[in-house]
Amino acid sequence: MKMLFSRLGLARGILLSLLLVGLYIGLRPEPPPYLFTDGDKLLHFAFLFGVVVMARFAFPRLQLPYLTVLALFFAVLLESTQDVLQPTRVFAWEDVIANVSGAICAVIFLVLFNRFRAQA
């Protein structure tokens, strides 16, 4: 019970929530409404950024190179399986680029975060 309310438990809970929301949005027959043209690219970027950052906090023993490889694999896998699991959705290279960009930016953020934390 103590683990449930720890920082690690909180990070894992947030990560699980992000993944469940992403799964729901990704498997809906119709995409969510966008505020502007190509707004889905921003959603892809933000989702992968959040998932990678929360994965780092949820699993602190996972080394950053392994997390990077997993994040890039997950970024491509997300878009490539979407049209297989939901026939009304289609594969788009622009979405893969947005996913990969979000994952890479998250890794850069984590590297900078670790450097600033080490200096403090």
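## Ground rules

Helices here are DSSP runs of H or I with at least four residues, and strands are runs of E with at least two, numbered from the N terminus. By that rule, G26 lies in helix α1. The structure is a predicted model, in which local features need pLDDT of at least 70 and side-chain atom pairs count only at pLDDT 80 or more, while totals for chains, interfaces and linings use all residues. Residues are numbered from 1 along each chain as its sequence is written, and side-chain values use heavy atoms, with hydrogens and water left out.

## How α3 and α4 pack

Two packed helices are described by the angle between their axes and the distance between the axes. For helix α3 (residues 64–85) and helix α4 (residues 93–119), the axes come within 8 Å and cross at roughly 160° (axes are lines fitted to C-alpha atoms, for helices over the stretch in contact, with angles from 0 to 180 degrees between N-to-C directions). That makes α3 roughly antiparallel to α4, a label for angles over 145 degrees. The crossing is right-handed, which is to say that the near helix is turned clockwise from the far one by less than a right angle.

Contact means heavy atoms within 4.5 Å. On the α3 side the contact includes L64, L67, A71, A75 and E79, and on the α4 side D95, N99, A103, V107 and L110 are among the residues involved. By class, this contact has 14 nonpolar, two polar and two charged residues (Ala, Val, Leu, Ile, Met, Phe, Trp, Tyr, Cys and Pro count as nonpolar, Asp, Glu, Lys and Arg as charged, and the others, Gly among them, as polar).

## The nonpolar core

A nonpolar core is a set of buried Ala, Val, Leu, Ile, Met, Phe, Trp, Tyr and Cys residues joined through side-chain atoms within 4.5 Å. The largest one has 18 residues, of which L15, L48, V52, L64, L67, A103 and L110 touch the most other members. Helices α1 (7–27), α2 (39–58), α3 and α4 each supply at least two residues, and the largest share, eight residues, comes from α2.

Leaving aside neighbours within four places in sequence, L48 is in contact with A71, F74, A75, L78, N99, G102 and A103.

G26 is buried, with a relative accessible area of 16% (buried means under 20%, exposed over 50% and partly exposed in between, using a 1.4 Å probe and protein chains only). Not counting residues up to four places away in sequence, G26 touches Q82 and R89. The C-alpha atoms of G26 and Q82 are separated by 6.8 Å, although the two are 56 residues apart along the chain.

D40, in helix α2, also counts as buried, at 11% relative accessibility. With residues up to four places away in sequence set aside, D40 touches Y34 and D95.

Definitions and conventions. Angles under 35 degrees count as roughly parallel, over 145 as roughly antiparallel, 65 to 115 as roughly perpendicular and the rest as oblique.
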